[in-house]
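The following explanation leads through the contact between two protein chains and then turns to the fold of one of them.

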Amino acid sequence: MPLKIEKQREDLVCFITGELDHHNTLTLRRELDFAIANTTACRVVLDLSGTEFCDSSALGLILGRVRVAKAAGIPLFVSSPSARVRKILDLCGAEKFLRFIEREEA
Amino acid sequence: MRRNVKNSLSAVFSAQSENESLARVMAAGFLLPHPVTAEELADIKTALSEAVTNALVHGYREMEGGRVKVDFCLFSDGRVRITVTDHGHGIEDVERAREPFFTTDRAHERGGMGFSIMETFMDRVRVKSVLGRSTRVVLEKRLSLWK
Ligand SMILES: Nc1ncnc2c1ncn2[C@@H]1O[C@H](COP(=O)(O)OP(=O)(O)OP(=O)(O)O)[C@@H](O)[C@H]1O
Ligand SMILES: [Mg+2]
């Protein structure tokens, strides 16, 4: 599965690697929701540095997790998308709905 | 100028989400022997992924048993044409469906940006749909390095 989750200080960092298409969102959605529901972290960070491909399904997945995290009282941030992935998220109006952060390597 | 077909490839696969990546790999395999830039290939793979995903999630509403056909065609003037056909539910109002943020599937966290992405990344996108019968999406792009 293209997902690795680490607690780094106060952050729950979720590394989404590989191809973020509709097929992969089906399992990612479940695993991310489980991790968010069970975390003690203060922030959720979706690290997209290893995401090699994405399409419109990615935006649905990310915005859905923003809502799930918000309902759990935790803010969600997106970090390190490639220029290509960022371009697609921006096309979908991401800067209006998402908060991007620079993450320091732990 | 008359366009001659330089190469073509047709594939029919079951309406299963794992085949989204298969379709993208086919696009890469079909185009890589030719002068295609990395960006053009990424554009084409993204647009194709949108059309195939739509066939699965809207055309067949994620029910098994359906089939999706993808036809790749490369013309002698460097134009690539990819046709994605499903025999699913069809689109009631194509013009409306193509508008940004229009979706009939908010329940599954869809944002309604698939057609906009196809239009951004391809030179031309045509959609023909018969409600209750079929949908065909034709994606076209000219390879810039073609001689
Ligand atoms: N092959 C198809 N069969 C039936 N309906 C379709 C098909 N393709 C698209 N549609 C309709 O057109 C609408 C818009 O499609 P579009 O790809 O732009 O957005 P979406 O798939 O709803 O969301 P997103 O692509 O952002 O996840 C869909 O919600 C659906 O109603
Ligand atoms: Mg779509």
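**The interface and chain A**

In this predicted model, B:E109 forms a salt bridge with A:R65, with the closest N and O atoms 3.0 Å apart; a salt bridge is a side-chain nitrogen of Lys or Arg within 4 Å of a carboxyl oxygen of Asp or Glu. Across the interface of chain B and chain A, the rule finds six salt bridges. Residues are numbered from 1 along each chain as its sequence is written, and chains are lettered from A in the order in which they are written. Local features need pLDDT of at least 70, side-chain atom pairs count only at pLDDT 80 or more, totals for chains, interfaces and linings use all residues, and side-chain values use heavy atoms, without hydrogens and water.

In total, 24 residues of chain B are in contact (heavy atoms within 4.5 Å) with 21 residues of chain A. The area buried between the chains, meaning the accessible area (1.4 Å probe) that two parts lose on being put together, summed over both, is about 1800 Å², and carbon and sulfur atoms give 50% of it. In chain B, B:R24, B:E109 and B:F121 lose the most area to chain A, together 30% of what that side buries.

Chain A itself has four helices and seven strands, where helices (H or I, at least four residues) and strands (E, at least two) are DSSP runs. Its elements run β-β-β-α-β-β-α-β-α-α-β from the N terminus on. The C-alpha trace of chain A spans about 30 × 25 × 25 Å along its principal axes. Of the 106 residues of chain A, 53% count as buried, that is, under 20% relative accessible area (1.4 Å probe, protein chains only).

Conventions:
Buried means under 20% relative accessible area, exposed over 50%, partly exposed in between (1.4 Å probe, protein chains only).
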